[in-house]
Amino acid sequence: MQSHALCTTSSRNLNHIGFLPHNFCYLRIGTSRVSFECRSLASCVDCKLLESRARGHGFRVRRRVCAMDDDSFGVSFDHWGDDDRPGEYMFSSSEGEDSDGDIYLQPFTDIDLPTSKERFLPSDDSITVTAHRLATLGSSRKKKRTIHGFWNNVGLMLFSIFVLLLVDQCAWRIVRLPLAPFHLMRPFLISVVSVSCVGYICVPLFRMFKLRSIVRNRRHSSKRGTPTMGGLYFVPIGLLVAEAVLHFSSIEVSGAAAATLAFAAIGLLDDFMGIGYKKDGLPVWIRVLLEIAIGAWFSYWLWTTKISTPYNMKTVVPLPAPLGRVCLGKLYPVLTSFCLVSMANGVNFTDGLDGLAAGTAALAFIGMSIVVLPICSDLSIFGASMAGACVGFLFQNQYKASIFMGDTGSLALGGALAAMASCTGMFFPLFISSGIFVLEALSVIIQVLN
């Protein structure tokens, strides 16, 4: 026994769906045929539009002219579907174009007319509708994350500019020596503009050469195919800007730049092996040995070279009261090597989310630039330039990232921060400004030991 249902809707609702034009006033749906009748020949345009829509929904169209009135005609649609269950729908409305008469539906089956959002999906396609809604929800969240990432980047840049301008205004009180105007602001802005502009050129080139990251974590499967090794362009730009501002005359900056490039070379080898040979990169023990070797070389260079140090003593580490100044003696090279290795790996561990490592590194470089300004003003320029390089890289690395820095960038940033602290003895301020990197390294060490 067939069930009967009676429902009332508005012709404007069907017009909203896009299936029933304004000038059609009569609809009959049989087992396999749909008929429309019009009151005016002026609706020929609507008729053609209706025919195209009907063909898109699986109907065959036959057009016939009836002798009902002088200006009446009808259109029939034969539906060739899998469901041949009978149904009859009677629609009636007033003739006015602006009328909103009631439309009566009397189906002989349990199938309802589709709503405006479902757009003629079959009744058994609920899974598709749910998946579409979830996909739409995900895209809206991604759009919000993209907007938030952009404003985070803008806020970081404005905050950095404000802090550096404030320090430049008060620098004479800190150093007690005359400094060039915009001592820190100038290298920062040059690096930001240079890295952001070069990034728009390098990202397509990296994609063309297929320098793509290999993501094995299912949670980050959407990042597959994103170019990596972004440190190849933003790290050298930061170093070149610092050297150019100082006219290649600072031995401290040259040593810090050499250590930075050495760690970048280890990261480049690791990234290249991961991309070229589809592996996890360098074995961990080989990478750690190379990092220790570079740390030992930098410690030896620091021990044998005359540079600006606090209180003209290379082995002094200033600490807060009541500890004061601590002279480490021969333990200072050991601390330098340990700081280089730990900071490089700390930044590498942090580089897991879009913009996280670059943003935190920019803040750490700004903090270290302020701290080392009374001891070595040249290294403060080096830190400001590297901070600007990180902020400029964020224009491509913010969510959703167009490129990753890879180990090439993360190891280089960690080595640069540790080199600034080792040259000036400011290990405790490094611990404060790079707290996120320190916590990341400690968490990994604890997990490995357990």
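**Close-up views of a predicted model**

**View 1. Helix α13 spans residues 435-449.** Helix α13 has 15 residues and reaches 21 Å from its first C-alpha to its last, close to the 21 Å expected at 1.5 Å a residue. The model shown here and in the other views is predicted.

**View 2. The buried residues of α13 are Phe437, Val438 and Ala441.** These residues cover an arc of only 100° around the axis, so they sit on the same side of α13. An α-helix has 3.6 residues a turn, so residues three or four places apart point the same way. On the other side of α13, Leu439 and Gln447 are exposed. The buried residues pack against α8 (331-350), α9 (356-372), α11 and α12 (427-433).

**View 3. Helix α11 covers residues 406-424.** Its 19 residues should span 27 Å at 1.5 Å a residue. The end C-alpha atoms of α11 are 28 Å apart, which agrees. Helix α11 is mostly covered: 19 of its 19 residues are buried. Just after α11 comes glycine 425, with a positive phi of about 75°.

**View 4. The largest nonpolar core holds 83 residues.** Phe234, Phe365, Phe382 and Leu413 touch the most other members of this core. Helix α10 (residues 377-397) supplies the largest share, 11 residues. In soluble globular proteins, nonpolar side chains tend to be buried together.

**View 5. Phenylalanine 234 and its contacts.** Neighbours within four places in sequence are left aside. Phenylalanine 234 is then in contact with Val195, Ala389, Cys390, Phe393, Met405, Gly409 and Leu413. Both phenylalanine 234 and Leu413 are among the core residues that touch the most other members.

**View 6. Cysteine 202 lies in helix α4 (residues 185-208).** Is this cysteine buried or exposed? Cysteine 202 has a relative accessible area of 13%. Buried means under 20%, so cysteine 202 counts as buried. Cysteine 202 and leucine 232 are 30 residues apart in sequence. In space their C-alpha atoms are 9.4 Å apart.

View 7. The mean pLDDT of the protein is 75, and 64% of its residues reach 70 or more.

Conventions: Residues are numbered from 1 along each chain as its sequence is written. This is a predicted model: local features need pLDDT of at least 70, side-chain atom pairs count only at pLDDT 80 or more; totals for chains, interfaces and linings use all residues. Side-chain values use heavy atoms; hydrogens and water are left out. A nonpolar core is a set of buried Ala, Val, Leu, Ile, Met, Phe, Trp, Tyr and Cys residues joined through side-chain atoms within 4.5 Å. Buried means under 20% relative accessible area, exposed over 50%, partly exposed in between (1.4 Å probe, protein chains only). Helices (H or I, at least four residues) and strands (E, at least two) are DSSP runs, numbered from the N terminus. Contact means heavy atoms within 4.5 Å. pLDDT is the predictor's confidence in each residue, from 0 to 100. The expected span of a helix is 1.5 Å times one less than its number of residues. The arc is that of the directions from the helix axis to the C-beta atoms.
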